[in-house]
Amino acid sequence: MAARGKRVGMEVSIAVAEAVKYSDADVIAAYPITPQTHIVEHLAEIVADGELDAEYIPVESEHSAMSACVGSSAAGARTFTATSSQGLALMHEILFIASGLRTPMVMSVVNRSLSAPLSIWGDHTDIMAERDIGWIQFFAENGQEAFDLVIQAFRVSEHRDVLLPAIVNLDGFNLSHVIEPIVLPKIQKVRDFIPPYEPVYRVDPDKPLCFGPVGIPEIYTEAHMQQNEALKDSKTVILEVWEEFAKKFGRRYRPVEGYRARGAEVLLVTQGGISETARIAVDRMREQGRKVGLIRIRLWRPFPFDEFYEAVGKAKVLVVVDRAISMGGIGGPLAAELRTALYHRDPRPHVVNFIGGLAGRDIRAVHFEEMTNKAIAYAESDSVPIYEMFGVRE
Amino acid sequence: MSAKWPTWKELPLGATILEPGNASEYHTGEWRSMRPKTDENVCITCGVCWLFCPDSSRKLAPRQKKHPESPYMQYYDFDFNYCKGCGICARECPTGAIVMVAEEG
């Protein structure tokens, strides 16, 4: 499809900041942390230069950043923040409050490992520790997605039928710090795409309400049920928004993206930036006549069960690559999710889980081929390990 | 479960409380295990208990007979809907008019 807009080479972090400007955010409260810094630095410039009429709140920590965002959203402002790693961990308790209070906002999480050992490099350890916060969660594969998903996330998050905060994940450095061609639409077109935010309940001195009261045992279960139903139902709105986005901007998004997946017997399953490398591996293996494809989980929460089953089709082996580990447990969080989702299916494929790409360690195309070969061997011998730490020095 | 509780569909978004000032409907006095008791013949209506009460649960009640050291025909009694029985009033009372007794049942 022809690109609708100007194609500009820019660092992906800058593109994310531009997406926030295009989305006409009202409040940005953020604290810098590698590798997220360029996003908030550029946003600070955009606001200081008068390119965006917004409040930029330079808070003293990520805990404060998320707290300020909750207040800002409750006041009815379009709200954005971004963080990484330790910063996301420091936000932890407020993340549950943001979703529980149904305060829409968008956060770009530039995925990075957690200390110790101290590491600034990319993997999914930070976000997988925040899996259960009740936010909508997307994974971007490239710069254009990181840009588009921010715009779409504002639209979804503030939708009357959703009213939940949303995270757009992008890989630290491998995605955040690379320069890519980004198709920039007309700014007015984006602003027309996202209508003004109209909260149901708003912090207002003239009409006092109590936000975040104690949820006594007679209330808490119902509040959780309501929130969970809203998160599950948000998929309907996400699909509608993606449909409209495709019509207006010419780029189509799906919860689960397949690449040469049709008729594949072996499917690589990935999230985020490594998916592009995985495609190269799939092309090479297809050239050898092997029935290998790729599926990529773009929508992580709510988990798109139906789309996942459809994408899996009649595949016999899933090679799931996780960039995080649930230590002492089931291994990769993605593989654990997929295995559980498949448990009652008959027939169900073997799920072979590799933990790799931790803290910026490269996964190259040849590694995906190696994992595929190993997975097939495990499946044929009918002795599949729960998970394997890929490429570790023994 | 009691019919007065809302279903998950009826609960206001995010469990927000829409009516301001409704904390008074929640009778925290139900938590009490010790109950303060005032001897109206000893109370001089100085108001120290009223000042110290963290739950604003002190209220004036009419006296049966005049106190020799107090011009007031009222003394400080309790609003047991909100008194949690913390005992601060009994500790602070300068005349020792308040004692704490165990709740029965």
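**Exercise 1. Find how many residues of domain 1 and domain 2 of chain A are in contact, and which element gives the largest share on the domain 1 side.**

Solution. Work on the predicted model.

Step 1. Count the contacts. In chain A, 28 residues of domain 1 are in contact with 20 residues of domain 2.

Step 2. List the elements. On the side of domain 1 that touches domain 2, helix H5 (125-128), S6, strand S7 (166-171) and H8 of chain A give two or more residues each.

Step 3. Pick the main contributor. H8(A) provides the largest share of that side, 5 residues.

Step 4. Sort that side by class. The side of domain 1 of chain A that touches domain 2 of chain A has 11 nonpolar, 11 polar and 6 charged residues.

Step 5. The assignment gives domain 1 of chain A as 6-249 and domain 2 as 257-389. Their centres, taken over C-alpha atoms, are separated by 28 Å.

**Exercise 2. Describe helix H8 of chain A: its span, its bend and its buried residues.**

Solution. 

Step 1. Check the span. H8(A) covers residues 217-249, 33 residues in total. From first C-alpha to last, H8(A) reaches 47 Å, close to the 48 Å expected at 1.5 Å a residue.

Step 2. Look for a bend. H8(A) bends by about 30° at A:Asp233.

Step 3. Find the buried positions. Among them are A:Gln226, A:Ala230, A:Lys235, A:Trp242 and A:Phe249.

Step 4. Find their packing partners. The buried residues of H8(A) pack against helix H4 (85-100), strand S6 (136-139), helix H6 (143-157) and strand S12 (299-301) of chain A.

**Exercise 3. Work out which element of chain A gives the most to the side that touches chain B.**

Solution. 

Step 1. Count the contacts. Here 18 residues of chain A are in contact with 13 residues of chain B.

Step 2. Name the element. H8(A) gives the most to the chain A side, with 6 residues.

Step 3. Sort by class. The side of chain A that touches chain B divides into 12 nonpolar, 3 polar and 3 charged residues.

**Exercise 4. Decide whether B:Gln64 is buried or exposed.**

Solution. 

Step 1. Locate the residue. B:Gln64 sits in the loop between strand S2 (58-62) and strand S3 (74-78) of chain B.

Step 2. Apply the cut-off. B:Gln64 has 9, so B:Gln64 is exposed.

Note on methods. Residues are numbered from 1 along each chain as its sequence is written. Chains are lettered from A and ligands numbered from 1 in the order in which they are written. This is a predicted model: local features need pLDDT of at least 70, side-chain atom pairs count only at pLDDT 80 or more; totals for chains, interfaces and linings use all residues. Helices (H or I, at least four residues) and strands (E, at least two) are DSSP runs, numbered from the N terminus. The expected span of a helix is 1.5 Å times one less than its number of residues. The bend at a residue is the angle between axes fitted to the seven residues ending there and the seven starting there. A residue is buried if 20 or more other C-beta atoms lie within 10 Å of its own, exposed if 12 or fewer, and partly exposed in between; C-beta atoms are placed from the backbone. Two residues are in contact if their C-beta atoms, placed from the backbone, lie within 7 Å. Ala, Val, Leu, Ile, Met, Phe, Trp, Tyr, Cys and Pro count as nonpolar, Asp, Glu, Lys and Arg as charged, and the others, Gly among them, as polar. Domain bounds come from an automatic or database domain assignment.
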